[in-house]
Amino acid sequence: MAEDFIQDDLPPPFTRDEYAARLAALRARMARAGLDLLVIDQFEHMVYFGGHLPTAAMYQCLLVPLSGTPVMVIRALDAQVFHETSWLDRCTAFGDAEDPIAVASAEITALGLASGRIGLEGDSHFMTLDRADAFRAALPDARFQTFSGEMWEMRQVKSPAELAHLEQAARICDRATQAGFAAAQAGVNEREVTAAITAEALRNGADNTRLVLMASGPRSAALHGALGNRMLAPGDLLHVEMVPHFRGYTSRIMRPKSIGVPDEEQLRIAETMVSIQDEQYAAMTPGARASEVDRILREGILSAGLRDSYSNVTGYTLGLVFIPRTSDFTRVFQAESRWTLEENTVFHMYAWAGGMAFSDTVVVTPQGGRRMTALPRVLAQ
């Protein structure tokens, strides 16, 4: 499969116009909230609006004034990478002996906004209570307010360029899963299968190293099981979940493989799950209620007797994902969901029963959910 990979086929990077449109949309929300400046420190949002992924060792942020040039506050160690990756021209770099909050506060003062209305991400993984207090202490005349939920929501509907990135990540899912299944034979160690998957994913543009969640045999029912050291044996079920990133955008797929000939009950369970998924995907149209889309699969699995209970969500948001998170649960499919689907939103939809899981990266279209991941949904053997 490696010979099928052509570097020139990769989607182009985002244009300055794409970033400028994102920034304009953000500033419209800031204006409605009455903000003069927003401090962004969640990694996904820093990349989405600024194009640069900082390191997690020290606090770093993106300062977005309501007008004028945004400023990235980053470690001096990362300044060269910032200039290589960001569409922005301006950054303030600090040495490792400096206090990042003090540096950011000084930059806000230099922008003339020390007494302005400043938004902090109340739902960021990096804006801790101590850091929020440090900003307030450094800028005593500022009026701080929480700016939560807005950026997570505005990132839900994907642009054509974002969809192209997710399509590439989906191709990585398909090709790497196929490579893993080709390597997965009786007598082969799980780690050899992982090595085959990883190599194929990297060849096709993956830019992360935590590429796959895999379990086999008695552990195949553990969707998030840690990589073991088993030798695959006849009769095993192998579970593979691909989680590649392409320029930070992640698509996902889960497929099972039987090591040897599967039994009739396993085939029945697999076919039943896929049939229920087909109905669920077809219902994923703009305006559909998430609870109804969830009900189709949740009740379908239970009614078919495939599981005694179904407590997990049946799908969740896909897009940009960076540490410390591994998944985006901004929107999830569950019985209590009160939101409705929008065109060009993308989700990881999954079904799980009988030690097997099938999942796809699905984009909402007027014709229903379209699978970006194209690998056949069968119990491979």
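Is E150 buried, partly exposed or exposed, and what is its relative accessible area?

Modeller: E150 is partly exposed, because its relative accessible area is 27%; here buried means under 20% relative accessible area, exposed means over 50%, and partly exposed lies in between, with a 1.4 Å probe and protein chains only. The model is predicted, so local features need pLDDT of at least 70 and side-chain atom pairs count only at pLDDT 80 or more, while totals for chains, interfaces and linings use all residues. Residues are numbered from 1 along each chain as its sequence is written, and side-chain values use heavy atoms, with hydrogens and water left out.

The side chain of E150 forms a salt bridge with that of R29, at 2.6 Å from N to O. A salt bridge is a side-chain nitrogen of Lys or Arg within 4 Å of a carboxyl oxygen of Asp or Glu. E150 belongs to helix α6 (residues 150-154) and R29 to helix α1 (residues 16-33), so this pair ties together parts that are 121 residues apart in sequence. Helices (H or I, at least four residues) and strands (E, at least two) are DSSP runs, numbered from the N terminus. R29 counts as partly exposed because its relative accessibility is 22%.

In the whole structure, a search finds 21 salt bridges. One of them joins D96 and R75, also with a value of 2.6 Å from N to O. This pair links distant parts of the chain: D96 is in the loop between β4 (91-94) and α4 (100-110), R75 is in strand β3 (residues 71-75), and they are 21 residues apart. D96 is partly exposed, with a relative accessible area of 46%, whereas R75 counts as buried at 10% relative accessibility.

A further salt bridge, between R295 and E299, has a value of 3.2 Å from N to O. Both residues lie in helix α10 (residues 290-303), four residues apart, about one turn of the helix. R295, at 32% relative accessibility, counts as partly exposed, and E299, at 41%, counts as partly exposed. Elsewhere, salt bridges that share partners join R255, D278, D360, R371 and R377 into one network.

E162 is buried yet has no salt bridge, and R22, the nearest side chain of opposite charge, is 4.1 Å away. For charge, Lys and Arg count as positive and Asp and Glu as negative, while His and the chain ends are not counted. Leaving aside residues up to four places away in sequence, E162 is in contact with F14, E18, R22, Y48, V157 and Y249; contact means heavy atoms within 4.5 Å.

V157 is also among the residues that E343 touches, with the same exclusion of residues up to four places away in sequence; the others are P286, V364, T365 and P366. E343 lies in the loop between β13 (328-333) and β14 (346-353). At 39% relative accessibility, E343 counts as partly exposed. The C-alpha atoms of E343 and G368 are separated by 9.4 Å, although the two residues are 25 residues apart along the chain.
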